[in-house]
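Here's a quick tour of a protein model, with the structure open beside you.

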Amino acid sequence: MLTIKKHTFKHGVHPPENKEETNKLPIRQFSFAPLIILPVSQHIGKPSKIIVREGQEVIRGQKLTASDGFLSVPLHSPASGVIRKIANVPTLSGKMTTGIYLEPFPSSTQEILEGNPIDLETASPEEILTGIQEAGIVGLGGAAFPTHAKLKIPEGKHCDTLIINGIECEPYLTTDHRVMLEQPDDIFTGIKYLMKATGAKRTIIGIEANKRDAAEFLASKLDGTEPISVQMVPVKYPQGAEKMLITALLGKEVPSGGLPIDVHVVVVNVATTAEIGRLLPHGRGIQERVITITGPGVKKKGNYLIPIGTPLRYVLEEVGVEDSISEVYMGGPMMGVAVGNLDISIVKGTSGIVVFNEKQVHRSAQVYPCIKCGACVDACPLSLNPSKLGILAKFESYDKMAEEYHLMDCFECGSCSFVCPSHIPLVQYFRLSKSIIRKRKSA
Amino acid sequence: MFKQTLHISTSPHLVKGSSVEVIMRNVVWAMLPTAAFSVYAFGWNAALVLVTSTLSCVLTEHVLCRLSGKRSTVSDWSAIITGLLLGLTLPPIFPLWMTFLGGVIAISVGKFLFGGLGYNVFNPALVGRAVLQGAFPVAITTWYDGFGADRFTTINSSLFAAPFMKPVVDGVSGATPLSAFKFDGVVANTADLAFGFVSGSAGETSAILILLGGIYLVARNFMNWRIPVSIIATVFLLSGIFYWIDPSKYPSPLFMLFSGGLMLGAVFMATDMVASPITKWGVMVYGAIIGTLIVVIRIWGGLPEGVMYAILLGNAISPHIDRLIRYRVYGTSLKSS
């Protein structure tokens, strides 16, 4: 059943969407790079342990690392090939981390290894969670938090509602949109696994109105007997944030400092759901993911299924970019990270690659003082006061920021910086302040 | 391929595209019709006052920036707003040296002393005007009738009064509608008030043009419409109540709205973003307080006009309004926030 909602969460912004250029393009398979470089830790949590050695030949889908503890997931080989070396590799944050250099066999059939299938009918919730962990699944929306850990319902709490996040509010990105149009069966299988794992009684698939085709298509696959509904909400950034989506769909607020489970909800990204539905019946691990490559600097824009570990330089060479490119973002332009080194690789959390050339890059010549226009206050989806927080950050009043002005709730969506007429780098202030506050607390 | 160096910046990588300079410039555009009308009504006299006050503010800002070793901030257009506003609050034959002094005080005391743009507690133009009112009580209440036949041929001699001499009071005539009402009980025609065919400060005459400027700014999203609306509504309601009680003693609400500096103050002065509260509810309270003060000062105060003091008081309490009235932060209960 498709429900069209008129109301959504408070505040928020409307950046130009720029999705038309790729939202009609079907997902296409990307070729293997001559050398695949896999950072071992691609998730939030404890890095996994390497279980292969240099010179070893591996099969596509074979585990290269094993999870080390609960908040840790394994890494699977994206291709059949040989491990050339295990050495430090650059990452998006600029830090070096341990990585595996894999050279795919050019003549291999690249068939995927099957593991221990998880049977939907007979598996217990715990077995499904283990299956999700063993499949190496993390939040594909960009957060890269191990999905099984998120699905584990804490003692004394229960889950009523499973929300499938098909919002994709970042401008330019169309991966979730294409996944919804092309992988409906995987999504519905994934939902069944997820409902069983969490004990949720109903599922809502949340989709923004700019993806009406996807909402109607998924709704048409339902016959009305399933406890699943599709809800279409007005377009507004950052609706893809869990808290905003819960408010938009259910009208509830997640308590400050709390998690969705505190209001009996679990939110899972739609591409992650499809991955669960596709991998678990075969006991396979994640080896590739859908990524939108777009932006004015890209020649062959599109939605590509790219093997994990493909070097960014190889990706950009394959799609072709203009000479005048000046910024490359991993993720969307609102929350994505600007790339400083093209030798980094595609990881599980990469949802998009957006390339801007000189013309699009806005380098504000001048930062003005805050004129207290209040644009940020009316943009912040959490109703924080970014203007005041920005001033407090300048005075290094970190305690006041955290205690009186709820800084730690900020999830850095960037709405405040987006609207600021003084071009104050508010999000940057808040990121820095948050890390200082965290350090002080742990010290 | 990849000849260029990659630029690294932090998210968000998109901006909406407005800037302080654009906002300020548009406020100046919005004030121009009002300024033009005052020149039309009062001739070269008003033009000289406006040019002097604007030049004085811009020069002061530039010199102070240079003296303190900072880059000049004249290009952000905010000093021009202050200059124009100050000029519009002065009588059209206000001695030019006093006008110049007002601009210097507005920028130096009203703005620079507090830290420049963004840090001023009070609307700088009103600080300048308040000092002038205290220092030159006679000159600042020396009005001049508009639409004189010779307004584009002669220039009033009191404009060129020598500094620190007893001002030459020349061509004194035409009490403002507010003082006429307050001291003589004469009520002006509302239509004359609205269109600006009355005596008064250079810019406080044409309510219609001021409102048009305000509507332009609201339409472009450069002004918080709640401030003028709440001031106007409060003044209308409060004075309406008194008028209803005793129409012979109290002025009609329409007279209250269209006389004096109310429109200029409500639209262009109380809306100074820096000196007004930041939340939707905060600005409503702020507007209501200013509106109440205007009515109180006009009806019971010793002065015929109260807009300036009402706004200055509103500015002073604005930070406190922001401390008391905040949005409820997502996920918190009203009690804990």
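What follows is a short briefing on a few spots in chains A and B.

Keep in mind that this is a predicted model, not an experimental one.

**Chain B as a whole**

- Chain B has 337 residues, and 53% of them count as buried.
- Take the contacts in chain B between residues at least 6 apart in sequence: 74% of these join residues at least 24 apart.

**Helices α9 and α11 of chain B**

- Find helix α9 (residues 226–245) of chain B and helix α11 (residues 262–269) of chain B: they pack with their axes 8 Å apart, at an angle of about 150°.
- Angles over 145 degrees count as roughly antiparallel, and that is why α9(B) and α11(B) are described as roughly antiparallel to each other.
- On the α9(B) side, the contact is made by B:P228, B:I231, B:I232 and B:V235, while α11(B) brings in B:L262, B:A266 and B:V267.
- What kinds of residues make up the contact of α9(B) with α11(B)? There are 7 nonpolar ones, with no polar and no charged residues.

**Helices α3 and α4 of chain B**

- Helix α3 (residues 78–89) of chain B packs with helix α4 (residues 96–108) of chain B at an angle of about 135°, and their axes are 10 Å apart.
- With that angle, α3(B) and α4(B) are therefore oblique to each other.
- Is the crossing of α3(B) and α4(B) left-handed or right-handed? It's right-handed.
- From α3(B), the contact uses B:A79, B:T82, B:G83, B:L86 and B:G87; from α4(B), it uses B:T99, B:G102, B:G103, B:A106 and B:I107.
- The residues of this contact of α3(B) with α4(B) split into 4 nonpolar and 6 polar, with no charged ones.

**Strand β11 of chain A**

- Now switch to chain A and look for strand β11 (residues 228–233): 5 of its 6 residues are buried, so the strand is largely enclosed by the rest of the structure.
- Strand β1 (residues 2–4) of chain A runs parallel to β11(A), and 3 bridges join them. In β11(A), A:Q231 is the bridge partner of A:T3.
- Strand β10 (residues 202–208) of chain A also runs parallel to β11(A), joined by 6 bridges. Here A:I205 has A:V230 of β11(A) as its bridge partner.

Methods: Residues are numbered from 1 along each chain as its sequence is written. Chains are lettered from A and ligands numbered from 1 in the order in which they are written. This is a predicted model: local features need pLDDT of at least 70, side-chain atom pairs count only at pLDDT 80 or more; totals for chains, interfaces and linings use all residues. Axes are lines fitted to C-alpha atoms, for helices over the stretch in contact, and angles run from 0 to 180 degrees between N-to-C directions. Helices (H or I, at least four residues) and strands (E, at least two) are DSSP runs, numbered from the N terminus. Angles under 35 degrees count as roughly parallel, over 145 as roughly antiparallel, 65 to 115 as roughly perpendicular and the rest as oblique. Two residues are in contact if their C-beta atoms, placed from the backbone, lie within 7 Å. Ala, Val, Leu, Ile, Met, Phe, Trp, Tyr, Cys and Pro count as nonpolar, Asp, Glu, Lys and Arg as charged, and the others, Gly among them, as polar. A residue is buried if 20 or more other C-beta atoms lie within 10 Å of its own, exposed if 12 or fewer, and partly exposed in between; C-beta atoms are placed from the backbone. A crossing is left-handed if the near helix is turned anticlockwise from the far one by less than a right angle, and right-handed if clockwise. Two strands pair if DSSP finds at least two bridges between them.
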